[in-house]
Every structure is written in C-alpha cells, then in structure tokens.
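The following exercises are intended for a reader new to this structure. Please work through each task before consulting its solution.

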Amino acid sequence: MDRTLTTSLTLFFILCVTTHKAGASSGLKARRCSYTFIVPQQKITGALCLNTHSSMPNQSEVAALQLALRRQQKQLEKLQSQMEHEGSLAAEVRALRKESSGMNSRIAQLYAQLLHEVIHKKDQALEHQRLESLLLNATTHALQVSSSYRELEKKYGALTSMMSSQNQVITKLEKQCQCRDSSQPSATVLTNDVQRDQSAPLHQLQAETVRDQSFSTISPPTELPLVGFPLTKSPGPWRDCQHVLDSGETTSGIYLIHLQSANRLFQAWCEQSQAQGGWTVIQRRQDGSVNFFRTWEQYKQGFGNLNGEYWLGLEHLYWLTQQAKYKLRVVLEDWQARQVSAEYDSFHLEPENDWYRLRLGQYHGNAGDSLSWHNNKAFTTLDRDKDSYPGNCAHYQKGGWWYHMCAHSNLNGMWYRGGHYRSRYQDGVYWAEFHGGSYSLKKVSMMIKPT
Ligand SMILES: [Ca+2]
C-alpha cells in the first residue's frame, strides 16, 4: 500500500511540473501553482479528524449564537423555575393526597359512627315507645286502681258509719237491758266492755261501778269471779295502779281509777305481779277477740274487755299521764312462749288538739327498740290521718297508732294466729325488733307506772 501511495504522489507531482512549464513557455502570466493531491479512496479505519479552525468565525454568527445561547439560557432558567414550581406543586399534591386519604378514613370512621348512632337512636326510639306504652298501661291501671280505691273508700265509709250506728244500737240495747235488769235484779249481766263503761259520764259510772262490784262478788253463783273488782281492803277509787299497790292491794285485776285533775272515773286492769307491780295496763292483745281497726272516737274513749283485749282510751291516757311522770313497759310474747320487754323511762301524751302526740323517754330492755321511731308522732286512725305517709297508715296497718311512715311497731294491728302471717300489707301485731314486721305476736301488753 505504501508503494502505491508513493507512486501516485510522484505521478501527480510530475503532472503539475509539466503544466507549469507549458504555461511559461506560452507566455501566459505565471500563475501560482496549485497542488491537488488526489488521494485514492482509502478505507478509513481510525478516527476521522476535522479541522475546525480551518475557517475564522463570523462575528454576526457569533452574536447570533450568543443571542440564541442567552435565549436558550433564559428558556432553561424558565424551565428550571417551572420545574421548581411544579415540584412544589407536586409536593403539595402529594400532601393533599395524603390529607385526602386521611380525610377518607376519618369520613369512613364518622360514617360508621353515624350509622351506630342511627341504630342506637332507633333502638332508643323503640325503647322509648315501649316505655311509653308501659307508662300508658300503668296510667290506665293506676286510674282503674284509683277508681276502685275510691269505690272501696265509699264502701268503707258506708261500713264505718254502719258500724258506728250498730254500736249506737248496741249501746241503746244495753241500756234497755240495764233498765230491765234494774227492775229485775236477779237477771243482771256483768260486762267489762271498756267502750261502754269508759265513755259514760262520771255519775253513771259510779252507779254502774257499785252495781258491778256488788255483782262481781255474787256472780256466777257456782264459782269465784275471775274478773271484775277484787275484794279490796281500801275503798278506792285510786289515782292509778301504783296507788292501788301502795294501798296494799297486791292482786292483779280491774280497779276503779279516779283522776282528780279531770274529775274522771274509769276502770283499768292493774298488773301487780310482774316487774314489782303497780302497772296500769293501757293496752292488751292475747287472742284476737276484739277488733282494733276502729275510729278516732273509739280510740279516744277506749274499747274492748278489761279482762281480755282492750284499749284504755287516749283521753284517759292523756289525763292519767298529766298527774305525774310515768314510764312505759311493753311486754311481748311470741308463739313459742318466749317473753321479752321494752321499757321507756318516760311516757306521756299531748292533748287531743295535738292529736295525742306521743312523748317517749329512753329505751331499756331486751325486746329491742321499735317505738322510739314513733316518738313525737301524732296518733292516726282510719278516719283521722295524722301520719307522715302520703296515704293513711291506719288503712294499711289496720289499727290505730302513732304512725310515722308507717310503723316499726303495730301493737293495735290484726291479730294473726301462729306467728308468720301472709298479708298484702304489714298489718299484724308486730314489734319489728322482735321477729320483724311479718310476725304477728301472740300476746302483747302496754302498761304504765309512775317513776
Ligand atoms: Ca298520711
């Protein structure tokens, strides 16, 4: 290859010299010889180098290029700023996307909550509806009960008035019997009905007492009198049973009491055998033979049988406890013959215009204290409601008592046989501290004695 190149170069050099010589000889102006190398086409195997400095740059072209460059730089800057802007926008979009996703989950949560609330509200509405219907039923029932209660009250009032008129009839009949008896002395009948005796005027009582006393010593003819006035050493009447005892009368029984302060005369059972004696019995229950569900007037005057179950009477009690300072003894016996007692170191009643309010002292004893709760309470009967309960406690407890709301003790209640009783209300003869309110005691008595 090198040989071929050398040969070719030689040939072109010769050709150029020849041409130059011919031109000089023909008289033509000498021209600069130019050499043109015709290089045979070669196969380029290496890097091709171009000479860029071969021509000088044009100033206008440079200026144009610089202008274009500046423009491109500006464009670049613009693009950069756009890119930065878009970058911040993209970040913002990302943040918004994130926020949106958070919002979505929050919305889902709220929706679930709302759904729960709706269900709950629905349940509440249903419950409300149910309660409303219940209330409606209850109201209807209450109205029915109230109307039947009114009817019962009416019937009760009618029965009470009937009972009262029957009592009047009985009293009248008894008086007629007495008239007949006075004309026929051998047919006299003794009765210890407190209500009849205690409500009679003083002169009548004295007359009756003399008659009864004389009877009690002679009748019944075949046996000794179990009740009535015992044969006494002193004539009486006495201030109270302590006075009877002090006069040397140590036998328990019925004695005539005369309250000088009120010029009142009445009979009472004197208990001389227990707790040193001298006790004036003011109440006694033992066999359920007397009804204690009575009116104010009857509780005021007293009722029952002095040798059995009786209530001395609030008016007598009031005057009795005016004479001196008295203490109260309550004796209770259950159906297993277990006996307990409760004593209060003072006892008196306020007058009728203060509803025979109870004033009680300190408790002592082994029965438990079921009366102090009633201290300072007014007396309530079926026809005179003075208790602190919205209804009348006497209606529920079936007695007369110093009811509060209503009773820890109910010694004038219904006498049930056998102790534990079944009743709609706690209306038995009970002392809550001794066997509770649903146990009706067999025997109870209340007695007073000067301190
Ligand atoms: Ca009441």
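K398 is found in the loop between α8 and β10, where helices (H or I, at least four residues) and strands (E, at least two) are DSSP runs numbered from the N terminus. Residues are numbered from 1 along each chain as its sequence is written, and side-chain values use heavy atoms, with hydrogens and water left out. The model is predicted: local features need pLDDT of at least 70, side-chain atom pairs count only at pLDDT 80 or more, and totals for chains, interfaces and linings use all residues.

**Exercise 1.** Describe the backbone at K398 and Y356.

*Solution.* K398 is not a glycine, yet its phi is positive, about 55 degrees. Y356, likewise not a glycine, has a positive phi of about 50 degrees. Y356 lies in the loop between β7 (339-349) and β8 (358-360). Y356 counts as buried because its relative accessibility is 0%; buried means under 20% relative accessible area, exposed over 50%, partly exposed in between (1.4 Å probe, protein chains only).

**Exercise 2.** Identify the residues that coordinate the calcium ion.

*Solution.* D385 (OD), D385 (OD), D387 (OD), Y389 (O) and G391 (O) coordinate the ion at 2.1 to 2.5 Å. Donors are N, O and S atoms within 2.8 Å of the metal (3.2 Å for Na, K and Ca); water is not among the atoms, so sites may look incomplete. Along the chain, the donors follow the spacing D-x1-D-x1-Y-x1-G. D387 has 11% relative accessibility and therefore counts as buried.

**Exercise 3.** Locate the cis peptide bond at C406.

*Solution.* The bond joins M405 and C406, with omega about 0 degrees. C406 is found in the loop between α8 and β10 (443-450).
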